[in-house]
Amino acid sequence: MTSLPPASSHPAPPPGPQPRPGTRRWDERLGSIAYGGDYNPEQWPREVWEEDVALMREAGVTLVSVGIFSWALLEPREGEYDLGWMDELLDLLHGAGIAVDLGTPTASPPAWFFHAHPEARVVTRDGTVLGFGSRGMASPSSPAYRAAALRITTELARRYGDHPAVVLWHVHNEYGAPVSEDYSPTSAAAFRAWLQDRYGTLDALNAAWGTAFWGQTYGAWEHVGVPALAPSVVNPAQRLDFARFTDHQLRACFVAERDAIRRYSDRPVTTNFMAAECPATDLWAWGREVDVVSNDHYLTAADERAHVGLALAADLTRSVAGGTPWILMEHSTSAVNWQPRNVAKRPGEMARNAFQHVARGADGVLFFQWRASRSGAEKFHSAMLPHAGTSSRVWREVVALGADLARVGELRGSRVRAQAALLWDWESFWAQDLEWRPSVDLDHRERVRAFYERLWRDGITVDMAHPEQDLSGYPIVVAPASYLLSRAAAENLTRYVEGGGTLVVSYFSGVVDEHDAVHPGGYLAPLRDLLGVGVEEFLPLREGQRVRVAWEGPRSAEGEHELTADVWSDELVLAGAEVVATYLDGPAAGRAAVTRHRRGAGTGWYVSTRFDVEALATVLAGAYADAGLAPAGLPQDVEVVRRRGAEADHLVVVNHGDQPVAVPADGVDLLTGEPTGSSVKVPAGGVAVVRVAPTS
Ligand code: GAL
């Protein structure tokens, strides 16, 4: 079996791809930012292919992903391959100058596979066996599935490894979706093996899982099982390990396919992540296994500020890529079809979305999908070529975007440098998501988004960072939801602050270790010396309850003296920190709400309650001052990100507002070709990409 790093080790920082020497660049033949999408011509008669290719050229398409769901056609019966149509397709695309990102079709095994291997089907936590007729139905632990996936992948790699059209391999599709965890007997056996590898002895397992509680002590390995539904809450350490195991199994499937491809091809290998959306994959580890990071992103229609969520996802993707350029593998031209209410994008929105990703490091902009499907589950999903055809707004915008991306090709390869890091740890999120936490209102996604949005509104570019990675380059680090915090992470944060950094820690952080066991010494214990404060008791608030907080620390001119907050408070015990804000009422009335502590050359802040994005302006003002930062003072709903290149920098300006704006930028707007003078004027809903002098 393919070897992975030991299950218990964190991915060693820094993050990012580490391609084998000799791996080609995916974009070496693409003149500009890559443009295109998933292309599924097998759903259409042959004559449509010619029209597709002609229209792709009209739209400026340079890269398409093919074969992602084609297993049943490529291998109609076990061991019998029908690759003629793929030969023809690749030759057609190559002849038209369109490069190919070739999929391995392993996200959707054929009917014959499940007929032969019913044991490979996924079983849900409540014991339901998931049937055929969809996708993503095979257990990542199934030996039969793994063998079949390797066979078809090897066949494709052998045949197309050197094909001139192929510039990139797209393994599988969105590992972890639509299902990730599998509770089948096959999975249970693999889980036991993984645990034996991780813990060595049953004693170590019993200690790590705290099985003395509720009488769960194991006396034989074969008694250890998957954390299926039980009468009450299942051991949280067991569930956390099951989440790690699930991630490991999925990653092992990827690595096996990647290595099979590498035997026959020097083209880079990727798999499309869902950075902010797929909770099951620890992308810090995955980012090191791919040759180039790619990501899928869809707006959440119910979120009226979904463009901020998009920016977060793009920044996370770049961070997983270790700052290297990445590919936006999928987004949508307009509505998706799988949300409760699928809101169509308004004119200009698709281009703003695309340029947001480019601003934050994407060197490729692709969609799901090229031509809207007439049949199947996704027929109401938008596409580059919609059901309405070429006399449609979406098509006109698709053609215009292709032309605009061709104008900004010189951006390729340039980097984004962030001023702030926001701690992001999938393991911590897995742990916090388990049941019986002190309040159902604790929501790490909400806290991360709120702090992120504050930084976004202040025009401060953000990287996400693993709590154990080197943070010394960032003036400020925010820990919005570091519930699970290892000793090593706490030591890393301490080093960061002592070295001059500014750290802001939000409530419900530093609570448990990697086994979901409360830290000796109590909540926040590993950060107590650093922050100069401890948490004696959690004081969660009732539903809807609000508390008043007197702000005594530094304030911006418009900052409030009195703030309100909700969801949470702590009974804090000062251990050297100064009090910056005090509760005026609620269960912690009269006690510290926000603290600040000098430690070494830096400062640690602790925020013990939930402030909204507006109130966070006041809360972060003091921390910015400690970090030597200030809000950029941008017009509302305008984002500006700098991509730094060797010859020039580029400012990507996206105006999400309904008023025209002028943003300081002295250079040339690549989209209009015009010099900007001292500032670039961007119409309501518009975009500018300004080449400016490089900064050091
Ligand atoms: C993605 C998936 C695509 C398509 C798309 C629709 O998650 O990878 O195959 O289903 O969603 O939005």
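Student: Hi! By class, what residues make up the lining of the largest cavity?
Tutor: Its lining has 12 nonpolar, five polar and no charged residues. Here Ala, Val, Leu, Ile, Met, Phe, Trp, Tyr, Cys and Pro count as nonpolar, Asp, Glu, Lys and Arg as charged, and the others, Gly among them, as polar. This is a predicted model, where local features need pLDDT of at least 70 and side-chain atom pairs 80 or more, while totals for chains, interfaces and linings use all residues. Residues are numbered from 1 along each chain, and side-chain values use heavy atoms, without hydrogens or water.

Student: Which residues lie nearest the centre of that cavity?
Tutor: Of the 17 lining residues, G136, A138, H172, V179 and L250 lie nearest its centre. A cavity is where a 1.4 Å probe fits on a 1 Å grid but cannot get out, and lining residues have an atom within 4 Å of a point.

Student: Switching to the ligand, which residues surround it?
Tutor: The shell holds F69, R135, N173, E174, D296, Y298, E330, W338, F368, E378 and H381, each with a heavy atom within 4 Å. By class, that shell has four nonpolar, two polar and five charged residues.

Student: Which domains does the shell draw on?
Tutor: Domain 1 (1-20 + 69-83 + 101-292) and domain 2 (31-35 + 299-413) each give at least three residues. The bounds come from an automatic or database assignment.

Student: What other domains does the chain have?
Tutor: Domain 3 covers 420-627 and domain 4 covers 638-692. The C-alpha centres of domain 1 and domain 4 are 43 Å apart.

Terms used: 1 Å grid on protein atoms, 1.4 Å probe; cavity = no way out; pocket = protein on both sides within 12 Å on 5 of 7 lines; lining within 4 Å.
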